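Please read this walk-through alongside the sequence and the coordinates.

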Amino acid sequence: IAEFRRGAGRGTEQLLYVTVGTGISHCVIWNGKPISGAHGTAYFSGYTSPARCDWADCRARFVEDVCSGPAIAAAFAGTRRTRDSKIVFDRAARGDGRAQEVISHAAWHLGVLVADLVHIHDPDRVVIGGGLGAHADSYREEAVRIARERIITPHGRALEVVPASLGEMSCWIGSAELAADADQLATRKALA
């Protein structure tokens, strides 16, 4: 909601927001309203099954188990006890081949997920936010490149995919705005 109303999604009618950080999820804003689904779980893209890839050690149950910050940290360290992916991104930037391989693998899965979401929802624009989505530029850019390779429609391949302009605060700001909307609606009903 925050990116749709005041951030990188302004001017769209149908926005796909993907958040990438400690977890993976998405939100579709359709004609100004978030689509939550019949049971409020229409954002669970992080819990979808990952696509098949050629990485021999890829046995992830969910996309989030490959693409989230804790998953990237665990894949690099070889243990689930580590959760901070900043070390992996720093090492990759300094040329560490193993760190680059882990990030590339995660970016491939994230790109496939974004392509699938674009095929399913056909948005005007895609905004990628969250701690990794808004700040890990090379990770996001590689995922977007992979998504473009997998999207089959010409308009989908040409789709604008941008980082969240409100950074990792997008979700928090949007939550606050939705709460304020609910308060205003309740006040109007009470006064009617």
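A residue is called buried here when its relative accessible area is under 20%, and exposed when that area is over 50%. The model is a predicted one. By that cut-off, strand β2, residues 24-30, is mostly covered, with 5 of its 7 residues buried.

Strand β2 belongs to an open sheet of 5 strands, ordered β3-β2-β1-β4-β5, in which the pairing is mixed. The edges of this sheet are β3 (33-34) and β5 (160-163), each of which pairs on one side only.

On one side, β2 pairs with β1 in the antiparallel sense over 7 bridges. The two strands form a hairpin, with 3 residues between them. Within this pairing, leucine 16 has valine 28 of β2 as its bridge partner. β2 is also joined to β3 by 2 bridges, and these two strands run antiparallel. Here tryptophan 30 is bridged to lysine 33 of β3. The hairpin of β2 and β3 has 2 residues between the strands, and asparagine 31 in that hairpin takes a positive phi near 50°.

Strand β1, residues 14-20, pairs with strand β4, residues 125-129, in the parallel sense over 5 bridges. Tyrosine 17 is placed opposite valine 127 in β4. Helix α7, residues 137-150, packs on the sheet and touches β1, β4 and β5; the direction of α7 makes about 165° with that of β5.

Valine 126 counts as buried because its relative accessibility is 0%. Leaving aside residues up to four places away in sequence, valine 126 touches Leu16, Val18, Val118, Leu159, Glu160, Val161 and Val162. For a sense of distance, the C-alpha atom of valine 126 is 26 Å from that of alanine 92, and the two residues are 34 apart along the chain.

Serine 45 is in the loop between β3 and α2 (64-67). With 3% relative accessibility, serine 45 counts as buried. Not counting residues up to four places away in sequence, serine 45 touches Ile24, Ser25, His26, Val63, Leu113 and Leu117.

Now to the helices. Helix α3, residues 69-77, is mostly covered: of its 9 residues, 7 are buried. The buried ones in α3 are Gly69, Pro70, Ala71, Ile72, Ala73, Ala74 and Phe76. These buried residues of α3 pack against α2, α4, α5, α6 (130-135) and α7. After α3 comes glycine 78, with a positive phi near 80°.

Helix α4 (residues 86-93) meets helix α5 (residues 97-121) at an angle of about 115°, and their axes are 7 Å apart. The crossing of α4 past α5 is left-handed. On the α4 side the contact is made by Val88, Phe89, Arg91 and Ala92, and on the α5 side by Ala99, Gln100 and Ile103. Sorted by class, this contact of α4 with α5 has 5 nonpolar, 1 polar and 1 charged residues.

The last topic is the aromatic rings. Rings count as a pair when their centres lie within 6.5 Å, and as edge-to-face when their planes are over 60 degrees apart. By this rule there are 4 aromatic pairs. In one of them, tyrosine 43 and phenylalanine 44 are edge-to-face, at 4.6 Å centre to centre with 85° between the planes. Phenylalanine 44 also pairs with tyrosine 47: their ring centres are 5.6 Å apart and their planes are at 70°, so this pair is edge-to-face. Ring pairs link Tyr43, Phe44, Tyr47 and Phe62 into a cluster.

How accessible are the members of this cluster? Tyrosine 43 counts as partly exposed because its relative accessibility is 38%. Phenylalanine 44, at 38% relative accessibility, is likewise partly exposed. Tyrosine 47 has 44% relative accessibility and therefore counts as partly exposed.

Technical notes:
Residues are numbered from 1 along each chain as its sequence is written. This is a predicted model: local features need pLDDT of at least 70, side-chain atom pairs count only at pLDDT 80 or more; totals for chains, interfaces and linings use all residues. Side-chain values use heavy atoms; hydrogens and water are left out. Two strands pair if DSSP finds at least two bridges between them. Helices (H or I, at least four residues) and strands (E, at least two) are DSSP runs, numbered from the N terminus. Contact means heavy atoms within 4.5 Å. Axes are lines fitted to C-alpha atoms, for helices over the stretch in contact, and angles run from 0 to 180 degrees between N-to-C directions. A crossing is left-handed if the near helix is turned anticlockwise from the far one by less than a right angle, and right-handed if clockwise. Ala, Val, Leu, Ile, Met, Phe, Trp, Tyr, Cys and Pro count as nonpolar, Asp, Glu, Lys and Arg as charged, and the others, Gly among them, as polar. Rings of Phe, Tyr and Trp (its six-membered ring) pair if their centres lie within 6.5 Å; planes under 30 degrees apart count as stacked, over 60 as edge-to-face and the rest as tilted. Buried means under 20% relative accessible area, exposed over 50%, partly exposed in between (1.4 Å probe, protein chains only).
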